[in-house]
Amino acid sequence: MEVAYVCEWEKRPQSTHCPSVPLVCSWSCRNLVAFTSDLKNQEDEKDVSHMIHIIDTDHPWDVYSINSGHAEVISCLEWDRSGSRLLSADGDGTIKCWAMADHLVSSWESSLGSALAGEPIVALSWLHNGVKLALHVEMSGSTNFGEKFSRVKFSPSLTLFGGKPMEGWLAVSISGLVTVSLLKPNGTLLTSSESLCRLRGRVALADIAFTGGGNIVVAATDGCSSSPVQFYKVVVTMVNEKCRIDTELLPSLFMRCTTDAVRREKYPTVTHLRFLTRENSEQVLLCASCQGGSIVECWSLRKEGLPVNNIFQHRSPVVGEKQPTILKWRILSATNDLERVSAVALPKLPISISNTDLKVASDTKFCPGLGLALSFHDGSLQILHRLSLHTMGVFYGPGGAARPGDDSAVKRQRTGAPPLHFKALQFSWTSLALAGVDNQGKLHMLRVSPSMGQLLDMNTTLRHLLFLLEYCMVTGYDWWDVLLHVQPAMVHSLVEKLHEEYMRQNHALQQVLATRIVAVKASLCKLSSATAARACDFHAKLLLMAISSTFKSLLRPHTLHSPDKSPGDRLAEICSKNIDVDIDKVMLNLKTEEFVLDGHPLQSLQQLIQWVGDFVLYLLANLPNQGSIVRPGFGFLRDGSSLGMLREMMVMIRIWGLLKPGCLPVYTATSDSQDSMFLLFRLLSRLWLCCNDRVVTE
């Protein structure tokens, strides 16, 4: 199936959802989904709480509900690029910035906000930070991540001294007022407002996009399909510690359905207005509706030559003179008459949508990011090509939308309540999943097939999934939605191919991606019972890497004029070259003064030190059973880098034990004279040397 049902979530304790109010949904790059609901107290119908619910898609049973404190219905939700802060705006002009308290996804607080009293917010966005990554489908077979995913030159909306992007947000109100709030480095908020044009008018719908030059483009309409869709350029600057907003009118357009004599009066209302991507202000999607149906149009802004009057065509041209040009909106495609559209979701995968790139995507059969989602009031959902608007997939929804030839479903719709349909839709960041909130306040998860119904061989499917996993690994985005399409039989191949591609990168990039690739491998191995033990090993390796980084961060050079290498780097270099199995001899090559710490920090590390000691003991005890793959720890017995990391930590623990014996790990020895640390290091070094095929030195 192109679109498949995953799960639903419902929570209405001691209250009921108000079905008439709008619902909003937003999906962050950390796979946190935020959506709204208005809960009405059964005892007092006037007591309505405007709630924000946040869930982690990997743990959907844990739901974090926030009483937003908004006085009116929440109209906008917007995550920032890091996925750790959330903006909410309501019908009274109040905007709140929510952030995690103590980096906990279960705790949220609002300490910043702005307000436009009595001005309902219709569009909201964070300012762009200047980071844009391009995904090159045609280079999916390349071994270099830099060729697959490249940084695109893109200017931030506003910069501080030195070119650092300034954080903040921009909102558009229903009366045509644009407001910008800037987060200053000292934590204060600087807010300024300006009219989009001299003659302010009603703005029923608006959307915000960004240009590569650092400008902001706002699209706005009054909701009437016979009125023009206006576009404005917004420039934000800082002048004398004050925020200045300059606006400029850009070319506008009229929907083509209003110029058609048959459809002129059929679709009177514009119900949806969206730029195809936030980073492309030259392509826009419009939807006009009536009570019985909708029509969708896709428009593109193009530069065209300006025709010259015949009087001036016969004069001799000046050297270097170019023909004058003008920007015009041209329609790319339009749908036929559809059912009434209730929600629109646009893909977030940064695939270029030029004709050449679309041909490459068609040749490679790579479909993620090419389709947009439309949900309808009959409960169905369609995936349409983002430019041609032809149908790529259909889903009939949990509400029992009528399938072709299903007369019983039609009868149920006639006699029963209105069918369930989505009022808000959001794509995940790789466009392989959809989150939707229906008209009863339930959250639904849908899986979107990466092949969109095409018959692909296993190698092609693996290559597409591997490409998306690499994209998540490079960007730091969560890969939960990619895992929805991984079958247990694919796990081993994906893990091996991912490791091969990782080892082909340069050393600097490998260091950056070291923890991410281990986390991806752990997630993959959990999908198959045959690799469950490896998942345990990868999770243990993540903890091992975190402890090693913590230990090395405590080391300080003994002189201010230290060499290029840090004490931790020198320790790793010495331990990798020294093949001696005697821990005391390895210590002779180190500058022990770099390991000197006060007593209190050492004692606070004792539990981590004890875990490292117990883990080494567990690995060595597993050596007689090393033929058992299903036993946790098997992967470490052949992982030279992890064993080398353990050797380095054993050396650090040995030195710290000389300074404060109370921090050493506690073992139950067979005799009082036995040096457990010495014996463990000796056995661990022998295992490490065997993994690296090196000669053991007694």
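**Helices, strands and loops**

Mentor: α5 and α7 are oblique to each other, the class left for angles that are not under 35 degrees (roughly parallel), over 145 (roughly antiparallel) or 65 to 115 (roughly perpendicular). The model is predicted, with local features needing pLDDT of at least 70 and side-chain atom pairs pLDDT 80 or more, while totals for chains, interfaces and linings use all residues. Residues are numbered from 1 along each chain as its sequence is written, and side-chain values use heavy atoms, without hydrogens and water.

Trainee: At roughly what angle do the axes of α5 and α7 cross?

Mentor: Helices (H or I, at least four residues) and strands (E, at least two) are DSSP runs numbered from the N terminus. Axes are lines fitted to C-alpha atoms, for helices over the stretch in contact, with angles from 0 to 180 degrees between N-to-C directions. α5 covers residues 458-475 and α7 residues 491-503. Their axes come within 10 Å, and the crossing angle is roughly 55 degrees.

Trainee: How many charged residues are in the contact of α5 with α7?

Mentor: Contact means heavy atoms within 4.5 Å. On the α5 side are Leu462, Leu465, Leu466, Leu469, Glu470 and Met473, which meet Ser493, Leu494, Lys497, Leu498 and Glu501 of α7. By class (nonpolar: Ala, Val, Leu, Ile, Met, Phe, Trp, Tyr, Cys and Pro; charged: Asp, Glu, Lys and Arg; polar: the others, Gly among them), this contact has seven nonpolar residues and one polar, and the number of charged residues is three.

Trainee: Is the crossing of α5 and α9 left-handed or right-handed?

Mentor: α5 packs with α9 (residues 514-525) at about 140 degrees, the axes being 9 Å apart. That angle makes the pair oblique. A crossing is left-handed if the near helix is turned anticlockwise from the far one by less than a right angle, and right-handed if clockwise. The passage of α5 across α9 is right-handed.

Trainee: Which residues of α9 make the contact with α5?

Mentor: From α5, the contact involves Leu469, Met473, Val474 and Thr475. The α9 residues are Arg516, Ile517, Val520 and Leu524.

Trainee: Which residues of α16 does α14 contact?

Mentor: The axes of α14 (residues 606-621) and α16 (residues 676-691) come within 10 Å and cross at roughly 55 degrees. That makes the two helices oblique, and the crossing is left-handed. α14 contributes Gly613, Val616, Leu617 and Leu620, and the α16 residues are Leu680, Leu683, Leu684 and Leu687.

Trainee: Which strands stand at the edges of the open sheet of four strands?

Mentor: This sheet has the order β7-β8-β9-β10 with antiparallel pairing, where two strands pair if DSSP finds at least two bridges between them. Neighbouring strands are turned by 25 degrees against each other on average, direction ignored. Each edge strand has a single partner, so one of its sides is left without a neighbour in the sheet; the edge strands are β7 and β10.

Trainee: Which residue of β8 stands opposite Leu77?

Mentor: β7 is joined to β8 (residues 85-90) by five bridges, and the two run antiparallel. Across from Leu77 stands Ser88.

Trainee: What is the relative accessible area of His103?

Mentor: His103 lies in the loop between β9 (94-101) and β10. Although not a glycine, His103 has a positive phi of about 60 degrees. Most residues other than glycine have a negative phi. His103 counts as exposed (over 50% relative accessible area; buried is under 20%, partly exposed in between; 1.4 Å probe, protein chains only), its value being 75%.

Trainee: How far apart in space are Cys367 and Pro450?

Mentor: Cys367 is in the loop between α3 (355-364) and β26 (371-376) and counts as buried at 9% relative accessibility. Beyond neighbours within four places in sequence, Cys367 contacts Met392, Pro450, Ser451, Met452 and Gln454. Cys367 and Pro450 are 83 residues apart in sequence, and their C-alpha to C-alpha distance is 5.7 Å.
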